[in-house]
Amino acid sequence: MALSPDRLDRFARHIVLPEIGGPGQVALANRHLVLVGLGGIGSPALQYLAGAGIGRLTLIDDDRVDASNLQRQTLYNTRDIGHGKAVIAKRWVTGFDPALDVSISDGRITPDNAGGLVEEADLVLDGTDNFATRLAVSDACVRADVPLLSAAVGRFQGQVGTFAGHLADQACYRCFVGDAFDAEDCDSCAEDGMLGAMAGWVGTFAAMQAVRVLLDGISGFGDPQWGTVQLLDGMKPAMRSFNIAKDPRCRGCGSAA
Ligand SMILES: [Zn+2]
């Protein structure tokens, strides 16, 4: 598939990069990314993912816009308060680039419905704020053979990791965090606070890592770095990374799964 003249113009700054190029841009147009969570991480992530021309996007969030979101959730305006985030996010994408195929789900993601929501994805990006949802998404990704990019932020600390727990030698998100949070909603954003730009840093970095995963095997930038978690420290500021090994006893991806 060749890019049309207007798409060549739109993505010119990508296409001149040897690490992405025409083949990379065509690949992005053919990819399907499922974005879970349209909050402080999902908002800036979606803006850069749509900007990157990822051709098919599924947006999942059951929340409504609250005045306290506007400090960091860059998709929403004052007039959006009280309206559903998924609907507004879809409207934003459609206005930004009508060539992208966008669908939404505005119900709560659970262990029962997560499988159906992720099964057609090339990549799932999870930017939700609680462990119960993250683990449900992770377990569904492992079962559906779909890689997971997990991003989280609190106060001045962020983490972004790529997981391919469906592969025999790679960790899943549950290998990383364990089972301790399975039943608990550990959302502490409201109590702990968060610098708005910190969520923006994590969200845009997650978008960059998503492009890296989606170009695996296509062009030079493609390198999923499975099992690597990047820690973003907004106080110093600094970044560091570490690797997660597969836990053979993991309930999500191990032999006990
Ligand atoms: Zn695992």
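Me: What lies over the face of F96, and at what distance from the ring centre?

Reply: R10 does, at 4.9 Å from the ring centre of F96. Keep in mind that this is a predicted model. A second case is R134, which lies over the face of F131 at 4.7 Å from the ring centre.

Me: Why is the pair of W92 and F96 called stacked?

Reply: Two values decide. The ring centres are 4.8 Å apart, and the planes stand at 10 degrees. Rings pair if their centres lie within 6.5 Å, and planes under 30 degrees apart count as stacked. Both tests are passed, so the pair is stacked. W92 and F96 both lie in helix 5, four residues apart, or about one turn of the helix.

Me: Why does W92 count as partly exposed?

Reply: Its relative accessibility is 23%. Buried means under 20% and exposed means over 50%. W92 falls in between, so partly exposed is the label. F96 gets that label too, with a relative accessible area of 33%.

Me: What makes the pair of F176 and F242 tilted?

Reply: The centres are 5.9 Å apart, and the angle between the planes is 55 degrees. Stacked needs under 30 degrees and edge-to-face needs over 60, so an angle between these limits is tilted. F176 lies in helix 8 and F242 in strand 8, so the pair ties together parts that are 66 residues apart in sequence. F176 is partly exposed at 23% relative accessibility, and F242 is partly exposed at 27%.

Me: Which residues do ring pairs link into a cluster?

Reply: The cluster holds F163, Y173, F176 and F242.

Me: How do you know that L148 is buried?

Reply: The relative accessible area of L148 is 2%. The cut-off for buried is under 20%, so L148 qualifies. L148 lies in strand 5. Its contacts include L123, V124, F163 and Y173. V124 is 24 residues away from L148 in sequence, but the two are 4.9 Å apart in space, C-alpha to C-alpha.

Me: What makes helix 4 mostly covered?

Reply: Seven of the 10 residues in helix 4 are buried. Among them are P44, L46 and L49. The buried residues pack against strand 1, strand 2, helix 5, strand 4 and helix 10. Just after helix 4, G53 takes a positive phi of about 80 degrees.

Me: What is the strand order in the open sheet of eight strands?

Reply: The order is 3-2-1-4-5-6-7-8, and the pairing is mixed.

Me: Why is one side of strand 3 and of strand 8 left without a neighbour in the sheet?

Reply: Strand 3 and strand 8 stand at the edges, and each has a single partner strand, so one side of each has no neighbour in the sheet. Neighbouring strands of this sheet are turned by 15 degrees against each other on average, direction ignored.

Me: How do you know that strand 2 and strand 3 pair?

Reply: Count the bridges. Five bridges join strand 2 to strand 3. The rule asks for at least two bridges, so these strands pair. They run parallel. In strand 3, S105 is the bridge partner of I60. Helix 5 lies across strand 2 and strand 3, running at about 175 degrees to strand 3.

Methods
Residues are numbered from 1 along each chain as its sequence is written. This is a predicted model: local features need pLDDT of at least 70, side-chain atom pairs count only at pLDDT 80 or more; totals for chains, interfaces and linings use all residues. Side-chain values use heavy atoms; hydrogens and water are left out. Axes are lines fitted to C-alpha atoms, for helices over the stretch in contact, and angles run from 0 to 180 degrees between N-to-C directions. Contact means heavy atoms within 4.5 Å. Buried means under 20% relative accessible area, exposed over 50%, partly exposed in between (1.4 Å probe, protein chains only). Rings of Phe, Tyr and Trp (its six-membered ring) pair if their centres lie within 6.5 Å; planes under 30 degrees apart count as stacked, over 60 as edge-to-face and the rest as tilted. A charge sits over a ring if NZ of Lys or CZ of Arg is within 6 Å of the ring centre and within 35 degrees of the ring normal. Lists of a residue's contacts leave out its neighbours within four places in sequence.
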